[in-house]
Amino acid sequence: GPLAGYHLERNALWHHALGTALGASQLISGTGDASLRERAFTGGLVHDIGKLLLNRSLKENLVQLPPQATSQALMAAEIEILGFDHATAGAALGKAWNFPPSLVAVIAGHHEPSLAEESVDALSRAVAGANLAAAYCGFGGGSEPLEEAAFLAAMMQWDFDESAVESLVTSLPGDLDALLSVIGESR
């Protein structure tokens, strides 16, 4: 359903999560490790689980986040309003639900993968990069899409190859549409 606290219409977060999952899987595919690719997909799917947790608090208190803001501004507003952001809340939920520690770390660091432990660095970078790519492609899960220069700068900072990034943003909308078609939905 809709997430009023985040100004998200019905299915917007779901589409963002699926796009991030597909993108993370694609970004990590160069490792040749099928298990890592599956973990990247799962990390992308649940990276914003904290938004589901925080939406009610934002909505019930009639305190909503700014409607058109960058992901950094949204997280700053979450911290100002609630004292923590959706990444922190999502990681706490994942820990309480006994998610594997690597998945909890990915949820916690999906906006700042540089803070991740070395053991989950590639996974965290893949989910963070796919999160940005999904937003860049127009299914942002509540934040404004980045401009091309800022998007590319972030992706290069996380050591993604420019051709891999180009391939990702070219294929991601079609891949998402194909996946949604398989499950009987559309964007």
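Predicted model: local features only at pLDDT ≥ 70, side-chain atom pairs only at ≥ 80, totals over all residues.
View 1. Residues are numbered from 1 along each chain as its sequence is written, and side-chain values use heavy atoms, with hydrogens and water left out. The structure holds two aromatic pairs. In one of them, the rings of Tyr-136 and Phe-151 have centres 4.3 Å apart and planes at 5 degrees, so this pair is stacked. (Rings of Phe, Tyr and Trp, the last by its six-membered ring, pair if their centres lie within 6.5 Å; planes under 30 degrees apart are stacked, over 60 edge-to-face, and the rest tilted.) Tyr-136 belongs to helix 7 (residues 121-136) and Phe-151 to helix 8 (residues 148-157), so the pair ties together parts 15 residues apart in sequence. Helices here are DSSP runs (H or I, at least four residues), numbered from the N terminus. Phe-151 itself is buried, with a relative accessible area of 1%.

**View 2. His-110, tucked into a loop.** His-110 sits in the loop between helix 6 (101-108) and helix 7, and at 1% relative accessibility it counts as buried. Its side chain makes a polar contact with the side chain of His-86 at 3.2 Å. A polar atom of the His-110 side chain also lies 3.2 Å from the backbone oxygen of His-47. (A polar contact is a pair of N or O atoms within 3.5 Å; within protein, one must be able to donate a hydrogen and the other to accept it, and residues adjacent in sequence count only if both atoms are side-chain atoms.) Leaving aside neighbours within four places in sequence, the residues in contact with His-110 (heavy atoms within 4.5 Å) include Asp-48, Val-127 and Asn-131.

View 3. Ser-71, Leu-74, Met-75, Ala-77 and Glu-78 are buried in helix 4. Seen down the helix 4 axis, the buried residues fall within an arc of 160 degrees, so they line one face; the arc is that of the directions from the axis to the C-beta atoms. Their cover includes helix 3 (49-60) and helix 5 (86-96). On the face turned away from the buried side of helix 4 are the exposed residues Gln-72 and Glu-80.

Technical notes. Buried < 20%, exposed > 50% of the residue type's maximum accessible area, 1.4 Å probe, protein only. Helix = DSSP H or I, 4+ residues; strand = E, 2+ residues; numbered from the N terminus.
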